[in-house]
Amino acid sequence: MMFSKKEKPLVAFTVQKCQSCKKETKRKFEEGDCLFAPTLECTSCKIPTNISKIFGQPIE
C-alpha cells in the first residue's frame, strides 16, 4: 500500500483546573468525564475544580 500509516494507540488524559489558583492537575481519563464538569476539590484552595481539557497521548 502506498499510503499505509500505522497509527499508535492513544491513552486518554483529563486535566482538572482550579478557577481560583489556576493550578492544573493531570490524571488518566475516567468514564463519565466531560468538559467543564465540576470534580474534586483543589488541594490548596479547597474549591471544586473543573475539567478543562481531555486529550490523548500516543503510547511510546
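The backbone oxygen of Leu 40 lies 2.9 Å from a polar atom of the side chain of Thr 49. I call this a polar contact, meaning a pair of N or O atoms within 3.5 Å; within protein, one must be able to donate a hydrogen and the other to accept it, and residues adjacent in sequence count only if both atoms are side-chain atoms. Thr 49 belongs to strand β4 and is buried, with a relative accessible area of 5%. Buried here means under 20% relative accessible area, exposed means over 50%, and partly exposed is in between, with a 1.4 Å probe and protein chains only.

A word on the source. This is a predicted model, in which local features need pLDDT of at least 70, side-chain atom pairs count only at pLDDT 80 or more, and totals for chains, interfaces and linings use all residues. Residues are numbered from 1 along each chain as its sequence is written, and side-chain values use heavy atoms, with hydrogens and water left out.

Let me turn to the sheet. In what order do the four strands lie? The open sheet has the order β2-β1-β4-β3, and its pairing is antiparallel. At the edges are β2, residues 24-28, and β3, residues 38-41, each of which pairs on one side only. From one strand to the next, the twist averages 45 degrees. Strands are DSSP runs of E with at least two residues, numbered from the N terminus, and two strands pair if DSSP finds at least two bridges between them.

Consider the individual pairings. Strand β1, residues 10-17, and strand β4, residues 48-58, are joined in the antiparallel sense over eight bridges. Within this pairing, Leu 10 has Pro 58 in β4 as its bridge partner. Between β1 and β2, which also run antiparallel, there are five bridges, and Gln 16 stands opposite Thr 25 in β2. These two strands form a hairpin with six residues between them, and Lys 22 in the turn has a positive phi of about 65 degrees.

Phe 36, in the loop between β2 and β3, has a positive phi of about 70 degrees although it is not a glycine. Phe 36 is exposed, at 64% relative accessible area. Lys 46, in the loop between β3 and β4, has a phi near 65 degrees, again positive in a residue other than glycine. Lys 46 is also exposed, at 55%.

Next, the cysteines. How many disulfides does the model contain? The count comes to zero, where a disulfide is a pair of cysteine sulfur atoms within 2.5 Å. Cys 18 is buried, at 1% relative accessibility. For Cys 34, the closest cysteine sulfur is that of Cys 18, 18 Å away, and therefore too far for a bond. Cys 34 is partly exposed, with a relative accessible area of 40%.

I close with a charge and a ring. The charged end of Lys 26 sits over the ring of Phe 13, 4.4 Å from its centre. The criterion is that NZ of Lys or CZ of Arg is within 6 Å of the ring centre and within 35 degrees of the ring normal.

Definitions and conventions:
Axes are lines fitted to C-alpha atoms, for helices over the stretch in contact, and angles run from 0 to 180 degrees between N-to-C directions.
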